[in-house]
Amino acid sequence: MPSLNYLAPAFARVHPDWEAVLRQPAIAARLADIDRQLAQQSEAGKTLFPPAPQAFNALSFASPADVKVVILGQDPYHGDGEAMGLSFSVPDGIRVPPSLRNIYKELAADLGLGVPAGGDLTHWAQQGVLLLNSVFTVERDKAGSHGKLGWQAVSDALIDAVNRDNPGCVFLLWGNWAQTKAERIDAGRHLVLTAAHPSPLSASRGFHGCRHFSQVNAWLIARGRQPVRWDAPAAQNSLF
C-alpha cells in the first residue's frame with residue numbers, strides 16, 4: 001500500500017478483507033492520489049468531512065462476503081457534525097436529515113416500527129448493512145465538491161468485491177445515480193431493488209410505498225440468513 005498521510009487513520013480501521021481490495025495496485029494508486037489531494041486541501045485550511053478517521057467507517061464492520069444489504073449513497077453530508085462515514089447516517093445529537101426522515105417513514109409504513117429519535121445507523125452496519133457512499137469525502141458546505149477526486153473508482157471496486165465474493169445479498173438502489181451501478185451486479189445471485197431517491201424532491205415519486213425493508217428480510221430468511229433488525233436503539237439528545 002502506498003504511504004498515506006491524510007487517510008492513514010481511516011485505513012487503520014478497515015476490515016482486513018476490504019483492505020485487500022484497497023491494496024489492489026490500481027486502487028492503491030488511486031487512493032494515494034486522493035490522499036495527496038486531501039492532504040493539500042487540509043493543509044490549505046479547508047475543512048473536510050467526515051473527520052479523517054471516519055472516512056472508511058463503512059468498511060470497518062462486515063467483510064464483503066458477510067454483507068447482507070448494500071445501501072448506496074452519493075457523497076457525505078457537508079454540514080458541521082453530520083458526516084460519519086456511513087451513507088444517510090448522522091451521529092446522535094444531530095438533526096435527522098430529510099432523506100433519512102423519509103427512510104424512517106417508509107420503515108414505519110412497511111414494518112410498523114416507531115420513528116427513531118436519532119440518525120445514527122451504526123446498528124445497521126454492525127449487522128452487515130454496507131452504508132456506502134460513492135464519494136467518501138466532501139468540503140464543508142460544498143456538496144459534491146470531491147466528485148472529481150477519483151473516489152468513484154474506489155467505490156466501484158468495493159461494489160465489485162461484494163458482487164464477486166458474497167453468496168447473495170440485497171442491493172438497494174435509490175435514485176437514478178445509484179441505479180447506474182446495477183450493471184455491476186449479478187442479478188442472478190443478488191437481489192436488486194430500485195426506487196426513487198428518499199430526498200423530499202423525489203420520495204413521493206416511488207420511494208414511499210416501495211416496501212424494500214420487508215422485501216430484504218423475506219429474501220434473506222428464504223436463503224437461511226439472519227434478517228436485519230431495522231429498529232433503532234433509543235438515542236439521547238437527538239433532534240428530528
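Is strand S3 (residues 129-133) largely enclosed by the rest of the structure or left open, and how many of its residues are buried?

Guide: Happy to, keeping in mind that this is a predicted model. In S3, 5 of the 5 residues are buried, so the strand is largely enclosed by the rest of the structure. The burial covers both faces: Val-129, Leu-131 and Asn-133 lie on one side, with Leu-130 and Leu-132 on the other.

Now for the sheet around it. S3 belongs to an open sheet of 4 strands, ordered S3-S2-S5-S6, with parallel pairing. S3 and strand S6 (191-195) are at the edges with a single partner strand each, so one side of each has no neighbour in the sheet. On average, neighbouring strands here are turned by 20° against each other, direction ignored.

The partner of S3 is strand S2 (residues 69-73), and the two pair in the parallel sense over 5 bridges. Along this pairing, Ile-71 stands opposite Leu-131, and Gly-73 is opposite Asn-133.

Next comes a helix: H6 lies across S2, S3 and strand S5 (170-174), running at about 155° to S3. H6 (residues 151-165) also packs with helix H3 (residues 25-43), at an angle of about 140° and with the axes 9 Å apart. That angle makes H3 oblique to H6, and the crossing is left-handed. From H3, Ile-27, Arg-30, Leu-31, Ile-34 and Leu-38 meet Trp-151, Ala-153, Val-154 and Ala-157 of H6. By type, the residues of this contact are 8 nonpolar, no polar and 1 charged.

Key: Residues are numbered from 1 along each chain as its sequence is written. This is a predicted model: local features need pLDDT of at least 70, side-chain atom pairs count only at pLDDT 80 or more; totals for chains, interfaces and linings use all residues. Side-chain values use heavy atoms; hydrogens and water are left out. Buried means under 20% relative accessible area, exposed over 50%, partly exposed in between (1.4 Å probe, protein chains only). Two strands pair if DSSP finds at least two bridges between them. Axes are lines fitted to C-alpha atoms, for helices over the stretch in contact, and angles run from 0 to 180 degrees between N-to-C directions. Angles under 35 degrees count as roughly parallel, over 145 as roughly antiparallel, 65 to 115 as roughly perpendicular and the rest as oblique. A crossing is left-handed if the near helix is turned anticlockwise from the far one by less than a right angle, and right-handed if clockwise. Contact means heavy atoms within 4.5 Å. Ala, Val, Leu, Ile, Met, Phe, Trp, Tyr, Cys and Pro count as nonpolar, Asp, Glu, Lys and Arg as charged, and the others, Gly among them, as polar.
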